[in-house]
Amino acid sequence: MTNLSDATGRQILFGGDYNPEQWPEEVWAEDVRLMKEAGVNSVTLGVFSWAKLEPRPGAREFGWLDRLMDLMHAHSIGVVLATPTASPPPWMGHLHPETLPRDEHGETVWYGSRQQFCPSSPVYRRYAAALTEDLAARYGDHPALRMWHINNEYCTHCWCDETAAHFRRWLTAKYTDLDTLNEAWGTAFWSQRYDDWAEIIPPRRAQYMKNPGQVLDFKRFTSDALLECYVAERDIVARHTPHVPVTTNFMPFWTGQDAWKWAEHEDVVSVDIYPDPADPWGGQYNAMIGDMTRSQARGPWMLMEQAAGPVNWRGVNHPKPRGLNRLWSLQSVARGADAICYFQWRQSRQGAEKFHSGMLSHAGEQGRTYQEVKQLGAELTALSESASGTSTPAEVAILHDWESWWADQQDGRISSEVDHPQVVRAWHRALWEGGRTTDFAHPTHDLSAYKLVVIPHLYLLTDAAIDNLLAYVRGGGMLVSGFHTGAADEDDRIRAGGMDARLRALFGITTLQEWWPLDPGATVDCDGFRATLWSEELTASEEAETVASYKGGELDGLPAVLRNGRAWYVSTLPEPDALRTLLALIADEAGAAPVLPGAPTAVEAVRRGDLLFLLHHGRDTVTVPVPGRHHDLLTGATVDGAVDLGRFGVAVLREVSP
């Protein structure tokens with residue numbers, strides 16, 4: 001099996017999507033000149049080129065791509081060659097309307113944008129496989145080829161009849177017989193029992209709430225159906241080029257794909273990250289997605305897309321202030337990225353994304369964006385040999401599971417205010433502000449290497465996951481869980497007592513009396529802090545310690561934070577300062593220390609290999625104490641005991657002998 005190092009050659013890849021078909025061919029020479037000046041060593045070609053490669057069914061027009069591949073190779077720029085199957089050409093929707101997806105209302109999703117395909121359509125799959133086969137045969141031996149990029153941001157959902165038939169096949173393979181399916185879906189409720197496989201359809205528009213078990217399985221199925229499309233194309237290119245790694249780009253923390261499952265089928269795990277420059281915690285979001293992607297990759301990963309400036313799809317699209325693109329890019333390197341890439345190289349002048357920035361913006365080569373890109377390219381070259389291929393250690397793991405997220409989204413849930421990604425982000429932020437690098441893990445992963453494991457919120461836990469958590473604590477690990485965890489099994493069946501009995505014993509809970517969600521904007525007082533979003537009426541065992549109680553209201557005097565040996569339970573969401581303080585206390589006891597104790601508030605410290613990255617997320621100059629003597633790889637300066645960082649400043653330090 002290949003991996004990212006087979007593509008990087010101990011470099012940090014730097015570049016982005018290149019869409020030269022949008023421009024006259026005479027522009028290509030200028031593009032290459034500017035790429036070389038900026039240190040670009042990798043471009044992604046062909047992502048949205050299906051209509052140009054196959055202008056009519058069965059036709060092939062490869063001449064322009066031949067010239068581009070040769071041009072890139074002549075200038076020592078590697079190519080990540082994409083299969084263009086994310087955007088079928090108009091002729092497919094016109095000639096084969098059955099390939100177009102249908103929404104939950106049965107309405108056709110028409111061509112005229114992108115991603116207008118039904119993943120279950122055999123016609124779509126046949127055309128996609130044929131073009132992928134021809135691309136692999138033609139370019140598999142080309143010296144510019146560095147990596148395959150399959151499709152783009154798999155995100156299509158469909159509820160059509162072809163999908164219904166595919167869904168039934170998937171369900172038959174999972175359940176074998178209808179009695180088992182009916183039991184799993186709880187169809188005794190509302191007279192929903194199925195007596196024939198043909199009766200089952202996707203969860204389309206319904207009169208009232210849909211069956212949660214059916215909806216959960218459809219989410220599982222949709223992720224798997226898209227994965228089938230990816231694997232089919234991956235297998236084609238891998239057959240032609242077993243030495244060339246294959247990837248597809250995830251959207252960050254997106255609900256539509258089980259990224260744990262998908263990552264097992266990728267040589268390179270890649271992601272697109274677009275923090276909002278106007279978000280004061282954009283750097284924390286960037287760090288969280290980097291941690292999540294590194295964990296899925298189990299090592300170095302690829303930042304496939306980011307923006308050099310503004311995007312085009314927010315209500316207000318803010319540009320990146322001077323220095324922020326560099327800061328967030330080097331932050332990704334610190335957290336394990338061996339490829340820093342953008343959408344896109346040259347900003348478009350037409351089309352839906354003409355206001356989405358490029359490495360070369362509308363301002364041209366004298367523009368601030370390109371000049372900052374040039375600086376970053378030089379710095380990545382300087383870091384490549386020391387950083388590429390090295391690991392980013394973490395002593396803390398955050399548990400996340402897509403299936404639990406899906407189940408937690410059901411229509412009839414206790415509180416629509418509970419947004420799973422925001423709860424996870426709140427816990428990650430508390431650890432990030434506390435200076436602790438975190439991995440992410442699935443609740444069934446081997447957790448033994450971590451000193452602390454945290455569960456922000458996992459409504460659904462399988463028996464295997466619960467057994468794994470118990471074994472982790474028995475083995476000496478420290479576990480802290482957030483609210484409403486372990487309430488349901490894998491079929492979204494509420495466990496007796498409202499929380500699995502093994503978990504209640506683990507956390508020191510004798511009875512979970514009731515869940516008490518909070519109204520929007522409401523808070524609840526606890527010993528020494530305020531909390532938001534949720535609370536619970538718990539009865540604690542005699543062995544458990546009540547660390548903090550609720551103050552006032554219906555839950556006055558009842559435990560808000562419980563401790564039972566090495567297991568903690570937090571039945572609410574403390575406000576940010578309180579959650580940071582609580583997790584710091586628990587982490588310290590677990591022996592999970594900050595990377596750089598005493599670092600200023602706005603400075604993030606991350607270790608990668610033998611390098612210490614210092615990343616300043618503020619605008620005012622700060623002095624960072626750094627014990628010992630270091631060499632700064634970015635400036636060449638010697639750092640003895642402390643380093644000053646200005647606006648969005650970065651230092652990459654290697655310790656040297658006194």
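**View 1. Arginine 629 and its bridge partner in the predicted model.** The bridge partner of arginine 629 in β25 is aspartate 640. Strand β24, residues 622–632, pairs with β25 in the antiparallel sense over eight bridges; two strands pair if DSSP finds at least two bridges between them. Strands are DSSP runs of E with at least two residues, helices runs of H or I with at least four, both numbered from the N terminus. This is a predicted model, in which local features need pLDDT of at least 70 and side-chain atom pairs count only at pLDDT 80 or more, whereas totals for chains, interfaces and linings use all residues. Residues are numbered from 1 along each chain as its sequence is written, and side-chain values use heavy atoms, with hydrogens and water left out.

**View 2. The open sheet of five strands.** With antiparallel pairing, the strand order is β22-β23-β26-β24-β25. The edge strands, β22 (603–608) and β25 (638–645), each pair on one side only.

**View 3. Phenylalanine 62 with tyrosine 139.** Rings of Phe, Tyr and Trp (its six-membered ring) pair if their centres lie within 6.5 Å; planes under 30 degrees apart count as stacked, over 60 as edge-to-face and the rest as tilted. By this rule there are 26 aromatic pairs. Among them, phenylalanine 62 and tyrosine 139 are edge-to-face, at 5.9 Å centre to centre and 85 degrees between the planes. Both phenylalanine 62 and tyrosine 139 are buried (under 20% relative accessible area, with exposed over 50% and partly exposed in between; 1.4 Å probe, protein chains only).
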